[in-house]
Amino acid sequence: MAGKKISAQFKEGILTNNPVFVQLLGMCSTLAITTTVTNALGMGLSVTAVLICSNILISALRKIIPNQIRIASYIVIISGFVTVVEMLMKAYTPELSKSLGLFIPLIVVNCIILARAEAFASKNAVLPSIIDGVAMGIGYTVALILLAFIRELFGSGTLLGYSVFGDSYQPVSMLVSPAGAFITLGFIIAAVQKILLRKKDRDFRKQHESGDGSDD
Amino acid sequence: MQSNDSEKKKLGHRHAVRGIYRAASKEETPAAETNVKAAAESLAAAVQDENVKESAPAAEEVTAEKDNGTVSEKEDTAADKAVPEETDVRENDGTSETASEDTGSQDGDDDQYAEDKGSAGGIFKIGAVLLSICAVVTLVLSLVNFLTFDAAQANKKKEIDIAISSMFPKSTSSVEVETEYGDPISGVYKVMENDTHIGYAVGTTANGFGGKIEMLVGIENGGNIRGVKIISLSETPNVGSRVDDDEYLSGYKGKSGILKLKEDIDAISGASISSKAVLTGVNSVMQLGLDVDGRETEDNEETSEPDNTETGRLLPDPELETVPVEGDVPDASYDTYFRAETAVPEEIPDETAILEIVPVPSEEK
């Protein structure tokens with residue numbers, strides 16, 4: 001029973017309620033970071049780490065924090081974790097810290113973390129919040145990697161820094177610019193929505209075929 | 001009996017409020033809308049009850065949020081609907097959130113959404129909670145900073161070493177020297193090739209468009225610029241960040257004295273603030289009048305005192321032991337003014353010796 005719930009949360013985080021493609025949260029860092037797959041991976045992992053830690057702490061403190069200051073407390077907690085991540089990156093992964101640059105501190109205002117704190121962690125126990133953090137973090141990382149894969153492969157002809165097509169390839173450098181990011185993201189969101197609609201259709205039809213009278 | 005009913009109504013009302021709040025903060029689905037309508041109706045009924053007058057402001061606030069026109073306060077004696085409605089609301093709320101209701105934290109949730117914390121003790125509790133959260137976060141941050149500070153500094157030094165060796169390919173080591181220069185000079189490094197002093201690398205900062213630009217200016221024999229390396233900048237990508245381009249920065253090479261825009265170096269079109277910032281930073285180093293062979297260049301007397309350095313000239317360190325030397329000692333040797341961290345060579349080579357040992361290489365880039 002618990003296993004089913006966990007897998008349902010994962011499916012939600014990665015597909016049906018994906019923070020980037022469905023909830024459309026955290027767009028700023030998504031569009032700016034995904035020029036290379038390494039950056040996307042680094043950013044995704046940092047956001048996941050902060051998401052899990054802040055979910056744990058906010059969920060543990062959810063009964064103590066009074067209603068009037070909950071947003072302020074969430075932001076203090078989230079920025080604390082982000083700063084810790086930033087300090088650790090500066091000390092132990094300096095190259096990644098340099099290429100992610102400004103966007104590490106910007107994780108504080110990444111709406112995904114605040115949205116999950118507000119919508120989930122503040123209303124659920126610690127263990128489901130951890131699962132939610134992991135699920136949403138994986139969904140975010142997958143979304144980033146997918147976007148970065150397309151942008152890096154066709155926009156610079158490389159993957160993970162290694163040239164893939166050779167020197168004769170003329171890269172579609174528009175893809176590396178913000179305009180290209182928006183366009184690619186738009187196409188991916190359209191594809192995801194199509195998949196989700198087809199799923200909803202299939203589930204709906206299945207319900208009717210089984211003779212279930214109840215709707216929705 | 002009477003108190004039981006009113007208690008039930010209160011509970012039902014509170015759950016209805018929570019249901020509305022939760023539905024209002026989620027995406028609009030047909031299920032959620034009907035639930036909101038049902039909850040709003042039961043809420044409207046409960047508002048008529050005199051026992052729940054205190055939550056009326058909360059109810060109005062919440063119903064004002066959901067301004068789709070279908071919520072209205074009706075004279076409905078649907079108070080009995082309140083209790084079964086709230087279970088409906090609760091069950092259907094689980095559609096977009098799994099694992100949401102079975103935590104048994106009903107009382108805590110009610111306290112979250114009721115606005116009746118007007119008591120004087122409440123404000124102290126709020127202040128105390130916020131203060132303790134901030135205090136704990138601050139403590140953790142200082143601890144982590146303390147633990148990672150050395151590693152972060154080592155990384156910075158490594159970066160500077162890489163920049164120095166790219167400007168002075170023949171250098172074997174570099175040593176930071178203590179000076180009396182204040183802002184914006186962040187550090188002066190003596191670049192050594194084995195035992196010979198071949199140049200200086202001076203770290204400086206300047207205010208760019210998006211924040212501080214940290215750069216390293218290499219000074220070679222003769223007081224000319226060996227090169228300029230940007231250590232960090234936070235300018236607009238593809239606009240101001242274009243100052244961090246080897247081709248642009250090579251325009252600084254070989255220049256001496258205080259530089260002027262357009263005469264000595266061009267600004268990048270569209271990035272004038274960033275370009276001027278780099279120029280200001282380089283000039284703050286040129287104003288020091290450093291030279292490798294131990295003498296101040298003539299430019300020093302002509303330049304005006306800079307606003308942002310504490311001293312424009314090197315001052316002797318009173319605690320420094322003078323280095324014992326043999327033979328002729330040139331005047332105003334910088335080696336006696338600086339306190340080097342590694343052993344100072346016992347013989348200070350004279351001017352001609354330096355010139356012979358380290359000829360200025362021609363740059364090809």
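How many helices and strands make up the secondary structure of chain B? In this predicted model, the count for chain B comes to 11 helices and 5 strands. Chain B runs to 365 residues, and 30% of them count as buried. Looking at contacts in chain B with a separation of 6 or more, 61% link residues 24 or more positions apart.

Now for the nonpolar cores. The largest one has 42 residues, and the members touching the most other members are V50(A), I77(A), F81(A) and L144(A). Helix 4 of chain A is the top contributor, giving 10 residues. As a general point, nonpolar side chains in soluble globular proteins tend to be buried together.

V50(A) is a handy way into the packing of chain A. Leaving aside residues up to four places away in sequence, V50(A) touches I78(A), F81(A), V82(A), V85(A), I107(A) and I113(A). V50(A) also turns up where helix 3 of chain A meets helix 4 of chain A. On the helix 3 side, the contact is made by S46(A), A49(A), V50(A), C53(A), S54(A), L57(A) and I58(A), while helix 4 puts in Y74(A), I77(A), I78(A), F81(A), V82(A) and V85(A). Sorted by class, this contact has 11 nonpolar and 2 polar residues, with no charged ones. The axes of helix 3 and helix 4 of chain A are 9 Å apart, and the two helices pack at an angle of about 140 degrees. Helix 3 and helix 4 of chain A are therefore oblique to each other, and their crossing is right-handed.

Next comes the pairing of helix 6 with helix 7 in chain A. Here the axes lie 11 Å apart, at an angle of about 150 degrees, which makes helix 6 of chain A roughly antiparallel to helix 7 of chain A. The crossing of helix 6 and helix 7 of chain A is right-handed. Helix 6 of chain A brings I112(A), R116(A), F120(A) and A121(A) to the contact, and these meet S129(A), D132(A), G133(A), M136(A) and Y140(A) in helix 7 of chain A. By class, there are 5 nonpolar, 2 polar and 2 charged residues in this contact.

A couple of loop residues have backbone angles worth a look. L24(A) is not a glycine, yet its phi is positive, at about 55 degrees. L24(A) sits in the loop between helix 1 (2-16) and helix 2 (27-33) of chain A, and counts as partly exposed because it has 13 C-beta neighbours inside 10 Å. In chain B, K262(B) is another residue other than glycine with a positive phi, near 75 degrees. K262(B) belongs to the loop between helix 7 (246-249) and helix 8 (272-286) of chain B. With 7 other C-beta atoms within 10 Å, K262(B) is exposed.

That leaves S165(B), a residue of helix 6 of chain B. S165(B) has 16 other C-beta atoms within 10 Å, so it is partly exposed. The C-alpha atom of S165(B) is 9.0 Å from that of V191(B), a residue 26 residues away along the chain.

Definitions and conventions
Residues are numbered from 1 along each chain as its sequence is written. Chains are lettered from A and ligands numbered from 1 in the order in which they are written. This is a predicted model: local features need pLDDT of at least 70, side-chain atom pairs count only at pLDDT 80 or more; totals for chains, interfaces and linings use all residues. A nonpolar core is a set of buried Ala, Val, Leu, Ile, Met, Phe, Trp, Tyr and Cys residues joined through C-beta atoms within 7 Å. A residue is buried if 20 or more other C-beta atoms lie within 10 Å of its own, exposed if 12 or fewer, and partly exposed in between; C-beta atoms are placed from the backbone. Helices (H or I, at least four residues) and strands (E, at least two) are DSSP runs, numbered from the N terminus. Two residues are in contact if their C-beta atoms, placed from the backbone, lie within 7 Å. Axes are lines fitted to C-alpha atoms, for helices over the stretch in contact, and angles run from 0 to 180 degrees between N-to-C directions. Angles under 35 degrees count as roughly parallel, over 145 as roughly antiparallel, 65 to 115 as roughly perpendicular and the rest as oblique. A crossing is left-handed if the near helix is turned anticlockwise from the far one by less than a right angle, and right-handed if clockwise. Ala, Val, Leu, Ile, Met, Phe, Trp, Tyr, Cys and Pro count as nonpolar, Asp, Glu, Lys and Arg as charged, and the others, Gly among them, as polar.
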